[in-house]
Amino acid sequence: MRLTLFIGPTERAAARLRNILQQQKDALLEQGVLAPDWNHVRLYAACAAPEAVGLLRHRRGLDSPLIGTTLRDEFHALIPHELAKTRADHVVLSAAQLGNLLSRPEELRALHDLLRPYFDDIRVVAHLDEQARTLVAHYGFAVAESRRHPLTQELALAERGDWWHGALAQRETAPDFGLFPEVQAPPFWLDYQALHAHWAAAFGADNITFRPLDLPHLMSRAGASEITESLGLSTPLGPVDPGRALAALPAPWLTRMRQFNDVLVRYQQTHDLACPRSTWSQMLQALQIGGPVIKPGSLAAISDHFARDNAALITRFPALDQALTPDTPEAPWQEADPQFGFRATQYLAAFAHRIRSTATPLAQKRADAEEARRSAARFEVLLHDPDAPKRHAPPMIGSSPG
């Protein structure tokens, strides 16, 4: 049985591929290809290191160190059950989290060990766009999700040699304060050469393919042609419903949000509070302002950093030539003026009552977590020794000790 994994690494591309796969599910099955609706987030979480708690695991309630074992058991039951019901000989999945969150060799080994019993031919496909263009889109996502650092973080990293390890070294995790590694740190996976080596070590270099990401084409009615080519189908897939292209956020708004994120994180840390995501999002929306977007050409230093590696990748995957060609250089990036004398601290003061009224005191949260831990420990004792509560229970009032 063959398996093709589309691993992003951008969620926008992976989500569109999932959408097309579902639209073309019947047509694919006619050609012997099964596109199951397996939960891609749970697949990622099944293989993530226990302590690697990021945004998705935190929000989906998958942050327990024990969740990986549970989810692996879930897939070991699900996969053979699904395969037994199909006549297909090829399965295809799209999960950007595999490409942009699984950064450790042991995580990919866990993924390989999970899939290998059911698939004897595993192919991995990543869809790439040039790093500066990709970084602009990623930065917009990250700032909207609580990023507190400007792009000077990536520009400083580009001046050093090893992007992959340098990015991973800057990761910080404090979920209660909105600090998640994939949001706050530079995206390690922009180092496409290292990404290839990372996956090749687990799945074999010959099984890793990099293809160009043409997002406007993928979002169009003809977008299914990318799946036709990626899977090597004998019969082309037909037209699909077009996807919705998301416009880049204005640079002044990004500045406002980033500055506000920074003061809000420090406010939470000072007052030992956790601001709920719904409140945080509403406050960021209230900062909205128009203006020009960040031009990828202003991040030419990022493009220059990867130029040599990209040339080597194009030699290996000639179809990447146009996708990895950078935009024309512009004036170097500087954070946009937030306009109209914006001060993040003034907005924080205006929102302070809303924050306090909706936030969770972390002292109480930690106490609740400790009580849950003790309850779980007592339950574990009861499972293994049902008579334990009787032996340790205090005598009833009025009963004789003898």
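In the predicted model, the axes of helix 15 (residues 251-271) and helix 16 (residues 277-286) approach within 9 Å and cross at roughly 140°. Because angles over 145 degrees would be needed for a roughly antiparallel arrangement, the two helices, helix 15 and helix 16, are therefore classed as oblique to each other. The crossing in which helix 15 passes helix 16 is right-handed. On the side of helix 15, the contact is formed by Trp-253, Met-257, Phe-260, Asn-261, Leu-264, Val-265 and Gln-268, which meet Trp-280, Met-283, Leu-284 and Gln-285 of helix 16. Sorted by class, this contact of helix 15 with helix 16 comprises 8 nonpolar and 3 polar residues, with no charged residues.

Helix 3 contributes Arg-42, Leu-43, Ala-45 and Ala-46 to the contact, while helix 5 contributes Gly-68, Leu-71, Arg-72, Glu-74 and Phe-75. By class, the contact of helix 3 with helix 5 contains 5 nonpolar residues, 1 polar residue and 3 charged residues.

Aromatic residues were examined next. With ring centres required to lie within 6.5 Å, the count comes to 7 aromatic pairs. For Phe-210 and Phe-317, the ring centres are 5.6 Å apart and the planes stand at 35°, so the pair is tilted. This pair links distant parts of the chain, given that Phe-210 belongs to strand 5 (residues 208-212) whereas Phe-317 lies in the loop between helix 17 (300-316) and helix 18 (344-358), 107 residues apart. Phe-210 counts as buried, with a relative accessibility of 3%, and Phe-317 is likewise buried, with a relative accessible area of 12%.

At the level of the whole chain, 20 helices and 7 strands are present, and the C-alpha atoms fill a box of roughly 85 × 65 × 40 Å along the principal axes. Of the 402 residues, 47% count as buried. Among the contacts between residues at least 6 apart in sequence, 80% join residues at least 24 apart.

Terms used
Residues numbered from 1 in each chain as written. Predicted model: local features only at pLDDT ≥ 70, side-chain atom pairs only at ≥ 80, totals over all residues. Heavy atoms only, no water. Axes fitted to C-alpha atoms, helices over the stretch in contact; angles between N-to-C directions. Helix = DSSP H or I, 4+ residues; strand = E, 2+ residues; numbered from the N terminus. Parallel < 35°, antiparallel > 145°, perpendicular 65-115°, else oblique. Left-handed = near helix turned anticlockwise from the far one by under 90°. Contact = heavy atoms within 4.5 Å. Nonpolar A, V, L, I, M, F, W, Y, C, P; charged D, E, K, R; others polar. Phe/Tyr/Trp six-rings, centres within 6.5 Å; stacked < 30°, edge-to-face > 60°. Buried < 20%, exposed > 50% of the residue type's maximum accessible area, 1.4 Å probe, protein only.
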